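Subject: A structure for you to look at

Hi there,

Here is the structure I promised to pass on. Please open it next to this email, and my notes follow below.

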Amino acid sequence: MMKSAEFGGRVKQLEAVLSMIQDIATQIRYRALPLTDLIRQMSVQKDLECLPFLKQCAKNCEEGMAFPDAWEQSVGKQGKKSYLKEKDLSILYAFGSGLGTTDVEGQLANCHLHGKLVEESLKQARADRDGMGRLYSTLGILAGIGAAIVFA
């Protein structure tokens, strides 16, 4: 059952990452906030609370760490505790390294590119959840029934 929950957790987190990237693109286009303020705002959004690296990144920035370093450290530290795979984390690393390094159009292109990459990962994660997640769930139930029969 825990293995089945991992598939659902990855889907939920990837959906949140996609939402975060889309929100960042919107904020860059219309508000032009500094990255530290933008991440601070994102870190307290209810729909993004399943992404603990945002809070860590905001905290790192408040402590004076430069944004690229804060992002890399927080994704590295908090990402390993999440359901995200290495491929997903590498997308996040690349996304963060492109933020704040170009003009508005370049940053929007960065958001668009990494949004598409997350969409592909999300599609695969949903397929895994629907296929393998159900399989693990069924195996867990059958194992429980088998144990009940053996110990009864």
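Two residues are in contact when they have heavy atoms within 4.5 Å of each other. Among such contacts in the protein chain between residues at least 6 apart in sequence, 60% join residues at least 24 apart.

Before you read on, this is a predicted model, where local features need pLDDT of at least 70 and side-chain atom pairs count only at pLDDT 80 or more, while totals for chains, interfaces and linings use all residues. Residues are numbered from 1 along each chain as its sequence is written, and side-chain values use heavy atoms, with hydrogens and water left out.

The protein chain has six helices and zero strands (DSSP runs numbered from the N terminus: H or I of at least four residues for helices, E of at least two for strands). Of its 152 residues, 41% are buried (buried is under 20% relative accessible area, exposed over 50%, partly exposed in between; 1.4 Å probe, protein chains only).

The structure also holds nine salt bridges (a side-chain nitrogen of Lys or Arg within 4 Å of a carboxyl oxygen of Asp or Glu). One of them pairs Arg10 with Asp88, with the closest N and O atoms 2.8 Å apart. Arg10 lies in helix α1 and Asp88 in helix α5, so the pair ties together parts that are 78 residues apart in sequence. Arg10 is buried at 5% relative accessible area, and Asp88 is buried at 3%.

Another salt bridge joins Asp37 and Arg40 (2.9 Å, N to O). Both lie in helix α2, three residues apart, about one turn of the helix. Asp37 is partly exposed at 28%, and Arg40 is partly exposed at 34%.

Happy exploring!
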